[in-house]
Amino acid sequence: MRAARLHSFGQAPVIDEVDVPTREPGQTLVRIDAAALGHLDMTVASGNFDVRPQLPHIGGTDGAGTVVESDTFEPGARVLVRGSGIGLFKNGCWAEYVVAADKAFTPFDSGLDPAVAATFLLPSTTGYVAVHDVADVRVGERVIVSGASGAVGSMAAQFALLAGASEVIGVVPREDQVALLPEGVRPIVGRGAEVADALGPDPVAEVLIDTLGGDALPHLLARVVPGGRAALIGYTLGTQLTIDLPNWLLSDVAILPVNMIRKTARQAELAPDMIARLVAGDIRLAVQQFPLDDIADALQLMREGKVAGRAVVVP
């Protein structure tokens, strides 16, 4: 089978021909129909993460596939693939087949497109958890979502609107990303101090949900009203945050982490509702598909912020 394998940390994966994995009792063999490309995958591949798999390593923590052999699932069943170390310290979904413990697979509604099925879980549950569990957005509150054109940011913006936010402001770094914002979101375009100028000098929201990090984050925190909340999810535009402690203490804005690695049980709990909402069209997830052979190009486009929604590779 073909598989995208990481041979050196910090380098692009390479397409190799490898044996189809053999399952053991308690495991399921699945043909991958679509596999997600996520920022966690890129973080693992960087080598600058506490999880360092043995090389060569097949990446990909999330996927959707069809059961080939199993003692638990019927052959032909459509399943989500996630958990049990897949893509982290065990071989993942960037391949034509994957084998893992039965608990790593969850049947899903066949009405959901495999490309969406492979990618929905992390952005939809992260957006939901950020809005409801962490930031606790309430009816009538104003919400800033940075990176609202991306998969997680778009979901957070949609859930904020569904929660009854009076206004959702979507901050995007580039003008061409405005068209990707969910309907009903007010766009703000810029990086760093440009965002501060566009938003004005005064606080404009009770809640900030930040998916980007980077040099705009301190300015966005300053636009949250005293006593407000900031849920921090991502760091694609920068991993460092410098805070002036006296003014931060004066503002009394709570800075809250959204760590989905610790919320796998919550993801499993939310998954059926997320699938139902996607199938019904209540929420939408943009997906851009790439052939597995083009995975290196797809990852580079992700680094440059040029993927429309969630990136998926299709073996």
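These are my notes on a few features I looked up in this structure.

**Entry 1: the model.** I am working from a predicted model.

**Entry 2: aromatic rings.** I searched the whole structure for aromatic pairs and found 1. The partners are Tyr-128 and Phe-159.

The cut-off for buried is under 20%.

**Entry 3: a sheet.** I then followed an open sheet of 3 strands. The strand order is S2-S1-S4, and the pairing is antiparallel. Strands S2 (14–17) and S4 (57–58) are the edges, each pairing on one side only. Strand S1 covers residues 2–6, and 2 bridges join S1 to S4. Across from Ile-58 in S4 I found Arg-5. As background, strands of a sheet pair through backbone hydrogen bonds.

**Entry 4: the largest core.** I looked for nonpolar cores. The largest has 47 residues. Which residues have the most contacts inside it? They are Phe-120, Val-143 and Ile-209.

I checked which elements supply at least two residues each. Helices H2 (114–119), H3, H4 and H8 (264–280) are among them. So are strands S9 (142–146), S10 (167–172) and S12 (205–210).

I took Val-143 for a closer look. Leaving aside residues up to four places away in sequence, Val-143 touches Val-137, Ala-160, Ala-165, Glu-167, Val-168, Ile-169, Ala-205, Val-207 and Ile-209. In general, nonpolar side chains tend to be buried together in soluble globular proteins.

**Entry 5: a second core.** A separate core has 31 residues, including Ala-4, Ile-86, Ala-100 and Met-302. I picked Ala-100 to follow up. Ala-100 sits in strand S7, residues 97–101. Its relative accessible area is 7%, so Ala-100 is buried.

What does Ala-100 touch, not counting residues up to four places away in sequence? I listed Gly-26, Gln-27, Thr-28, Ile-86 and Phe-105. I also looked up Arg-23, which is 77 residues from Ala-100 along the chain. The C-alpha atoms of Arg-23 and Ala-100 are separated by 7.5 Å.

Technical notes: Residues are numbered from 1 along each chain as its sequence is written. This is a predicted model: local features need pLDDT of at least 70, side-chain atom pairs count only at pLDDT 80 or more; totals for chains, interfaces and linings use all residues. Side-chain values use heavy atoms; hydrogens and water are left out. Rings of Phe, Tyr and Trp (its six-membered ring) pair if their centres lie within 6.5 Å; planes under 30 degrees apart count as stacked, over 60 as edge-to-face and the rest as tilted. Two strands pair if DSSP finds at least two bridges between them. Helices (H or I, at least four residues) and strands (E, at least two) are DSSP runs, numbered from the N terminus. A nonpolar core is a set of buried Ala, Val, Leu, Ile, Met, Phe, Trp, Tyr and Cys residues joined through side-chain atoms within 4.5 Å. Buried means under 20% relative accessible area, exposed over 50%, partly exposed in between (1.4 Å probe, protein chains only). Contact means heavy atoms within 4.5 Å.
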